[in-house]
Amino acid sequence: MYQGDIERMQHNVEQSPPSSAGGAQESIITVREEEQVEQPQSERKKRKLASKFPLVDISRNLLLAYQSFGVVYGDLSTSPLYVYRSIFVGKLQDYQTPETIFGAFSLIFWTITLIPLLKYVFIVLSADDNGEGGTFALYSLLCRHAKFSLLSNQQAADEELSAYKYGFTGQSTSSCSALKRFLEKHKKSRTILLVIVLLGACMIIGDGILTPAMSVISSMTGIKAAAEHLSHGEVLVLSCLILVGLFALQHAGTHRVGFLFAPIVIVWLISIFGIGLYNIIFWNPKVVYALSPYYIIKFFRETRKHGWISLGGVLLSVAGTEAMFADLGHFTSCSMRIAFSFLVYPCLVVQYMGQAAFLSKNLDAIPNSFYNSIPESVYWPVFAIATLASIVGSQSIITATFSIVKQLNALGCFPRVKIVHTSKHVKGQIYIPEINWILMILTLSVAVGFQDTLLIGNAYGLACMTGMFITTFLITLVMIFVWQRNIFLAICFLLFFWFIEGVYLSSAFIKIPQGGWVSLVLAFVFLFVMFVWHYGTRKKYNFDLHNKVPLKWLLGMGPSLGIVRVPGIGLVYSELATGVPSIFSHFLTNLPAFHSVLVFLCVKSVPVPYVSPEERFLIGRICPRPYRMYRCIVRYGYKDIQRDDEDFEDLLIQSIAEFIHMEAVEPQLSSSETPSLDGRMAVISKKTIQSTSTLIVSEDFGMRDSMQSSKSLTLQSLRSSYADENPQIRRRRVRFQLPENPGMDPAVKDELQDLIRAKEAGVAYIMGHSYVKARRSSSFLKKFVVDIGYSFLRKNCRGPSVVLNIPQISLIEVGMIYHV
């Protein structure tokens, strides 16, 4: 029966090479179905459907383009509120002439054309990671095509993931290979690359703080322009109330209001297009001549140094561009190209041109150029739309900040936080309460502390341009190592855009004393938190790695391990992908009993955005069969929902049972080759479980005490009452039975029966409760980082049991002191 199932599945068995991660030889058996190809299943279906029905793909991209207006382009489209006012400040107030205004517009036009349109729309949006974008998507691509990753528990089996191989595969040039070998050889270069990626993440988080303050305060200045009796303090109070309401609504999730946001931005874009066109025709049609870059030369010839300093205001016209790439996972590159090229770009160009035409005839209106350029008959409707559009623009960067923090958490570079998934259909839509309230407090502090969009704009521009500067560098590395392009062509791309962005960045650095220092302070604080957490986490992992329990010691103790084996399943959590963690020996030393079935469980992240359920579980055996000790590695991508399965325990039991059955018929998994069996693992998918039916699964509608269990009635009543008080931990209860199979190996049958009896007795989760201390011989800096910084973060972040959704009633924590 089982042999027929194996033939029907047509397994493709490949033995992966040994991996150095984990410090020990490992032998991974990846069992796949032949129908699996290199691309993810969802992407495969979309491409297949698009090839058969082109109209379906077109309508889908148009729908996504519509949705992208409410999520991506709110920040970029509201920049006309404050750009001209930010340019003509300081010494440039002495150069307020029609010629300099035309030159400023020419700078804005070519900046929008070269950076958002040419760089992002045509180049950067192509550098997706299985449809995902952002800084970490680029870093993930680089880690998979070169050995740049610093993730601690990676294995050779991770390279067999279907999403891992996604992307361009070509023949690398000799210069590319030499550069690749140099960077892989030197660990400092990999550390520097990670620091650069983290700095880019810090700048995006800084945007999440500065963007709401900048957008809302800029839109609210329209009230003061029309209602002069309102004081500056009253306008600031109104702005703060809107900010509080904005952050208070985050828990509802963007999916509830996504379709409502898009019409607001579309109406806003059409409005500013109409106002701009009206101003061009009514005030100065000759402004179209300023499309020529000759006016840029005239601008700098007249303003010289002061014109260079004013570039800090010009770069605000492209603030929010990074959101196009960061939010790519919610849409497609085609839909975002359509939205920007056919609506956002022309509307912004016409609006900036219209403001320039108006200002060339009304030079005294520069301090409030946008609202002064609005025709009086439509002033209040446009003001209302501007306020709503500013709120929508702030929403996009706040959501992007949540995504960045989740990816940082997956990389082990950010303290554990509570992640709430607000949509059952879109995986990337999340809400993080701790980050939301921290952002709100910092945003209100910036708004109340500066009270001026000019100062906030200086910090805002520095953060945005630094993020773009880092993206240009990472895209260049992707061109070399992933796309296998000519290294000379990649360097030309780097130098061209670094020259443009470097000029803007140098202008932004000049304004550090005038508010720009806020971006640097925020980046330093978040970078320090990330460094401390990453450093402490790696030191703790290295301690576990070098203090693993020797398998010879376990084998010498015999199948009973020298203790009493009580009924039940013990899930021992560890970050180690190989070996037995030290908390196990610590537990045995202090308690004379352990569960009859032991599963060493490692939940880890891999450098891909998503891992399909068919490839999530790696199952293996530790020690010979009588020991009843197994290893399970559960793999998640950096955008996956960890432990999202309500029936995780049942799926784990079925996977182990399938491995036991597979081991009896697969020669690659036979126990005769190596006595320890540590590291010999197989990929067990849901399809494999459903097709082979090793265990019969049935719903358990009876009461808890009706189960054949060795637990006391008192403990059962406690568990029942705890579940009644906590509905979120209720799970579908099932019972497992062996199928009628006379030809089953008796040893396999006994092991499966032991597994079923252990599951009915209950599952306990064993985790380490660690205290990390620096050695006495450590330097003062190391003691400060470990004993104060890392210890403070561990005490004030979410515990691992909360993040993994482990029921507290079944949790056993083993206290240990780590001297690192």
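Q: Where does R628 lie?
A: R628 sits in the loop between β7 (617-621) and β8 (629-636). The model is a predicted one.

Q: Why is R628 called buried?
A: Its relative accessibility is 13%. Buried means under 20%. R628 therefore counts as buried.

Q: Which residues is R628 in contact with, leaving aside its neighbours within four places in sequence?
A: They are R565, S596, V597, L598, D750, E751 and D754. One of them, E751, also belongs to the α28 side of the contact with α25.

Q: Why is α25 called roughly antiparallel to α28?
A: The axes of α25 (residues 648-665) and α28 (residues 746-761) cross at roughly 170°. Angles over 145 degrees count as roughly antiparallel, so the label applies to this pair. The two axes come within 10 Å.

Q: Which residues of α25 and α28 meet?
A: From α25 come E649, D650, I653, I656, A657, I660, H661 and A664. From α28 come V748, E751, L752, L755 and K759. The contact divides into 8 nonpolar, 1 polar and 4 charged residues.

Q: How do you know that α25 is mostly covered?
A: Of its 18 residues, 16 are buried.

Q: What makes the span of α25 close to the expected one?
A: From first C-alpha to last, α25 reaches 26 Å. At 1.5 Å a residue, 26 Å is expected for its 18 residues.

Q: Why is α6 called roughly antiparallel to α16?
A: Helix α6 (residues 98-121) and helix α16 (residues 333-361) pack at an angle of about 170°. The label needs an angle over 145 degrees, so α6 is roughly antiparallel to α16. Their axes are 9 Å apart.

Q: Why is K773 called partly exposed?
A: Its relative accessible area is 43%. Buried means under 20% and exposed means over 50%, with partly exposed in between. K773 is therefore partly exposed. This residue lies in strand β12 (residues 763-773).

Q: How many residues apart in sequence are K773 and I788, and how many Å apart in space?
A: They are 15 residues apart in sequence. C-alpha to C-alpha, the distance is 9.4 Å.

Q: Which residues is K773 in contact with, leaving aside its neighbours within four places in sequence?
A: They are V786, D787, I817, Y818, H819 and V820. One of them, V786, is a buried residue of α29.

Q: What do the buried residues of α29 pack against?
A: They pack against α22 (512-546) and β12. The buried set is K782, V785, V786, G789, Y790, S791 and L793.

Q: What makes the span of α29 close to the expected one?
A: Helix α29 (residues 780-795) reaches 21 Å from first C-alpha to last. For its 16 residues, 22 Å is expected at 1.5 Å a residue.

Q: What percentage of the residues in the protein chain is buried?
A: Buried residues make up 57% of the 820. The chain has 30 helices and 13 strands.

Conventions. Residues numbered from 1 in each chain as written. Predicted model: local features only at pLDDT ≥ 70, side-chain atom pairs only at ≥ 80, totals over all residues. Heavy atoms only, no water. Axes fitted to C-alpha atoms, helices over the stretch in contact; angles between N-to-C directions. Helix = DSSP H or I, 4+ residues; strand = E, 2+ residues; numbered from the N terminus. Parallel < 35°, antiparallel > 145°, perpendicular 65-115°, else oblique. Contact = heavy atoms within 4.5 Å. Nonpolar A, V, L, I, M, F, W, Y, C, P; charged D, E, K, R; others polar. Expected span 1.5 Å × (residues − 1). Buried < 20%, exposed > 50% of the residue type's maximum accessible area, 1.4 Å probe, protein only.
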